[in-house]
Amino acid sequence: MSKITKLQVNGRIQTIDADESDSLLSVLRDQIDLTGSKYGCGEGQCGACTVLVDGYSRRSCITKVGRVADKKITTIEGLAAGDRLHPVQQAFLDEQAMQCAYCTSGMIMSAVALLNKSAHPSRTEIVDFMDGNVCRCGTHPRVVAAIERASRSMAGATKESR
Amino acid sequence: MSTQDLLKSETALEPERYELRAGPSYQFQVDRRDFFKFLGAGILVVCVLNDTSPAQESGRGGRPAGEALPKEIGAWMHIGEDGSVTLYTGKVEVGQNIRTSLTQAVCEELSVPPDKITLTMGDTKLTPYDRGTFGSLTTPVMNLQLRRVASAARDVLVTLAAKQWQVDAKSLIAANGKVTDPASMRSIEYAALAKGQSLTETLPAEDPLIPATQWKVAGQSLPKVDGCDFVTGKHRYPYDQKLPGMLHGKIVRPTAFNATLVTLDTKEAEQMPGVVVVRDGNFVGVAAPTVELASKAASSIKAEWKADPQPSNKELFEVLKKTAAEGADPTGDAGHVTTGSVDQAMAAADHRLQQTYTVSYIAHVPLEPRAALAGWDGDTVTVWTGTQRPFGVRADLAEAFRLPEDRVRVLMPDTGSAYGGKHTGETAIEAARLARAAKRPVKLVWTREEEFTWAYFRPAGVMDVSAGVSKDATITAWEFHNYNSGAAGIRTYYDIPNQRIQFHPSHSPLRQGSYRALAASANHFARESFMDELAHSLKMDPLQFRLKNLKNERLRAVFEASAKKFGWGQPKKPGQGFGMGGGYEKLGNVATFVEVYVDPKSGDVSVKRVVTAFECGAIVNPDNLRNQLEGANIMGLGGALFEAIEFENGKVLNGRMSQYRVPRFRDVPVLETVMLDRKDLPSAGAGEAPIVGVAPAIGNAIFDATGVRLRALPLVPNGLKTS
């Protein structure tokens with residue numbers, strides 16, 4: 001089994017010591033101390049471990065680190081620019097789209113991936129895309145509202161920067 | 001009835017079963033000097049629950065130095081020399097947002113901004129003893145205690161300022177973190193008043209509180225106090241805790257419930273470098289430097305287990321009725337009501353009806369599975385874990401390791417949900433056992449499969465209900481028996497002169513315990529479905545039938561408000577159905593109205609719209625209340641429609657997220673809430689009561705849509721079979 005020694009996470013090259021079959025989630029949490037991504041089911045069914053790999057959402061609990069060794073990984077810790085929250089993070093706060101918030105990192109990462117591929121998703125698109133993320137506290141309507149809010153604020157920001 | 005009496009009767013209804021073996025253990029002996037040594041100088045305010053000592057001899061301005069603090073303490077608060085306010089409560093945060101609502105209460109009484117306030121919660125070394133965070137008691141009890149503490153602190157500060165300025169304390173105003181004298185326009189910050197002090201104030205119970213009608217901060221929608229830590233992934237849940245040199249644990253689980261270990265071969269695991277193997281009775285586990293190695297070592301262990309044959313979910317309800325205990329209910333007589341003469345009234349009734357309802361075992365599925373990090377220092381152990389009962393877990397650890405409780409410290413970082421499912425301390429004990437053998441800290445995180453199997457379930461149950469009704473639709477006789485699921489919410493709030501109500505504990509094939517609202521969900525499902533059946537058998541509108549038999553004004557108000565918002569009585573389209581369910585639980589009143597659509601071809605049932613009217617006294621935080629109402633509805637939807645644990649011969653058959661369906665985005669209906677704010681009534685909790693109306697309302701709506709009456713939860717795990 002070959003070893004993986006480097007991983008690009010949140011714009012930085014991290015030195016790691018992992019087998020290629022180790023899960024991306026455990027490498028992120030145990031070796032790089034990025035504990036924002038969560039274990040929820042271990043079979044890619046709940047979305048709590050969602051990260052971005054080259055901008056696409058991936059369930060890190062079932063992603064072998066060997067498959068992403070040469071790719072750009074973004075975790076919840078890498079979203080904000082310094083003290084400035086990503087619009088999706090801000091929208092989750094504005095809508096208070098959380099209770100225990102254990103699912104929140106995964107929800108936010110999935111939402112960012114959705115908005116990456118579709119800037120103005122319809123409600124049905126949001127519901128379908130987010131269906132793989134479980135929230136047990138039942139904050140779903142607020143998560144949908146937060147994604148819609150983020151979509152609007154990101155559109156506003158793009159216009160401003162033009 | 002006073003709030004205290006209400007609470008007494010509420011908690012007596014079903015002392016949650018897991019609390020029965022853990023009596024209160026007020027082993028509290030703190031010297032006030034220790035406190036100031038630890039916290040630094042300032043002002044300490046202590047809320048005494050049951051102080052029999054002559055506490056107020058020294059009057060305002062504190063007790064003589066060196067005196068031990070009273071034993072039965074609810075909460076305490078420290079104002080530091082820098083003006084920082086720290087509150088200590090044994091309550092814990094599991095997503096219900098009490099860290100925020102309690103902060104609001106303190107802001108209100110002390111008049112300081114929220115960012116000056118820190119809450120230390122659920123740390124057995126630093127916070128006063130607390131029985132646990134359950135039963136929706138934080139808002140009616142702890143919220144009041146903290147408000148009293150804060151209000152007393154404000155008075156201490158005002159007295160100090162008055163003394164300094166030689167003026168009458170009554171003429172001074174405490175606001176925005178300072179005391180002001182309007183006459184001279186002088187003002188002094190709380191920080192300056194606390195400087196160099198080591199004052200202790202114990203609480204007079206009659207301290208005046210700001211009435212809800214004058215609230216400024218409480219009653220507002222303060223956002224989650226540390227929300228930013230959650231959206232950035234910074235917050236460390238129990239599962240995220242780390243210590244230097246920490247190992248990862250893994251338990252070798254039995255092949256069935258109640259199994260005993262016959263043979264064990266751990267040779268291979270023992271030869272793995274860095275792996276520690278522990279066998280202690282039926283406990284088998286390993287600790288290793290990485291999660292991967294711990295898993296590898298655990299799976300290399302060959303264990304043979306022996307277990308007796310055990311029942312399956314197919315014969316569950318017969319088992320529960322067959323094994324029902326005769327005679328007294330061990331949880332007390334709260335689940336037993338006899339008034340009037342049921343037999344006579346039943347015989348004399350114009351209409352009679354009898355039905356049986358069942359509920360399955362369901363799992364809490366908290367998204368954060370049980371986790372614990374344990375470390376030993378000599379014969380003292382410290383454990384970080386997610387539990388609703390840190391002091392209960394301390395007692396469990398003390399018992400398991402034969403330690404005095406002062407050698408055990410349990411800390412509860414804000415946890416990834418519980419819903420009544422994290423009362424126990426298995427993970428803490430397992431991690432501590434491994435850590436003791438490894439002589440290093442050990443972290444143990446249960447897998448989802450372990451959480452589904454080795455936690456505990458919401459009890460399954462059978463409810464037999466019968467009633468007699470007179471010609472004018474007055475219910476005259478009521479008989480209600482609950483087998484196994486519990487006594488919470490078993491009493492009827494409809495006005496019926498002749499009642500026989502009884503809870504019958506059974507021998508449960510699976511390990512069971514608390515779940516959001518306890519048995520109130522099962523009992524409301526049976527009662528509110530049955531009310532619907534009665535109404536239909538009398539060809540009467542279900543709302544009118546309920547109101548005809550209901551005097552309680554608060555309950556009537558929520559039924560009427562919910563019906564109005566819902567548009568009860570509107571014509572329906574093909575496939576559409578409307579239903580209601582409601583009741584009273586944990587000081588909260590709820591009425592839930594539901595619209596379903598049943599696809600005539602596929603039998604698919606979808607819940608389209610849920611309207612909930614709720615009233616729990618004066619509302620502390622409207623947005624958080626709405627969040628709780630929405631959450632309870634969505635969680636309730638799962639248990640109502642499709643959640644059920646399948647099991648056979650001591651094994652869970654669907655213990656994975658891919659096999660056990662929980663509500664997802666596509667299942668979520670339009671949710672509308674009506675919140676009745678009764679500023680004239682004490683605030684009550686809202687974590688539990690709103691869930692109880694969901695299942696009966698859905699069942700009743702399915703009947704309205706199809707004419708098919710469903711009497712078992714989950715109602716439609718595989719869609720509606722109409723043929």
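This is a predicted model: local features need pLDDT of at least 70, side-chain atom pairs count only at pLDDT 80 or more; totals for chains, interfaces and linings use all residues.
1. Residues are numbered from 1 along each chain as its sequence is written, and chains are lettered from A and ligands numbered from 1 in the order in which they are written.

2. Chain A holds five helices and five strands, and its elements run β-β-α-β-β-β-α-α-α-α from the N terminus on. Its radius of gyration, taken over C-alpha atoms, is 16 Å, close to the 15 Å of the globule rule for 162 residues, so chain A is as compact as a globular protein of that length. That rule is 2.2 Å times the number of residues to the power 0.38. Along the principal axes, the C-alpha atoms of chain A fill a box of roughly 45 × 40 × 25 Å.

3. Now the sheet of chain A: five strands form an open sheet in the order β2-β1-β5-β3-β4, with mixed pairing. Its edge strands, each pairing on one side only, are β2 (12-19) and β4 (56-59) of chain A. From one strand to the next, the twist averages 40° (axes are lines fitted to C-alpha atoms, for helices over the stretch in contact, and angles run from 0 to 180 degrees between N-to-C directions). Two antiparallel bridges join β3 (residues 50-53) and β5 (residues 72-74) of chain A, and Leu52(A) stands opposite Thr74(A) in β5(A). Helix α1(A) lies across β1 (3-9) and β2 of chain A at about 115° to β2(A), whereas α3(A) lies across β3 and β4 of chain A at about 35° to β3(A).

4. Chain B has an open sheet of three strands too, ordered β5-β6-β7 with antiparallel pairing. Its edges are β5 (173-175) and β7 (186-189) of chain B, and the twist averages 25° from one strand to the next. β5(B) and β6 (residues 178-181) of chain B are joined by three bridges, with Lys178(B) as the partner of Ala175(B). Helix α4 (residues 138-165) of chain B packs on this sheet, touching β5, β6 and β7 of chain B, and its direction makes about 45° with that of β6(B).

5. Where do α17(B) and α18(B) meet, and at what angle? The axes of α17 (residues 622-641) and α18 (residues 694-706) of chain B come within 8 Å and cross at roughly 55°. The two helices are therefore oblique to each other (under 35 degrees counts as roughly parallel, over 145 as roughly antiparallel, 65 to 115 as roughly perpendicular and the rest as oblique).

6. Finally, the contact between the chains takes 41 residues from chain A and 44 residues from chain B; residues are in contact if their C-beta atoms, placed from the backbone, lie within 7 Å.

Conventions: Two residues are in contact if their C-beta atoms, placed from the backbone, lie within 7 Å. Helices (H or I, at least four residues) and strands (E, at least two) are DSSP runs, numbered from the N terminus. Two strands pair if DSSP finds at least two bridges between them.
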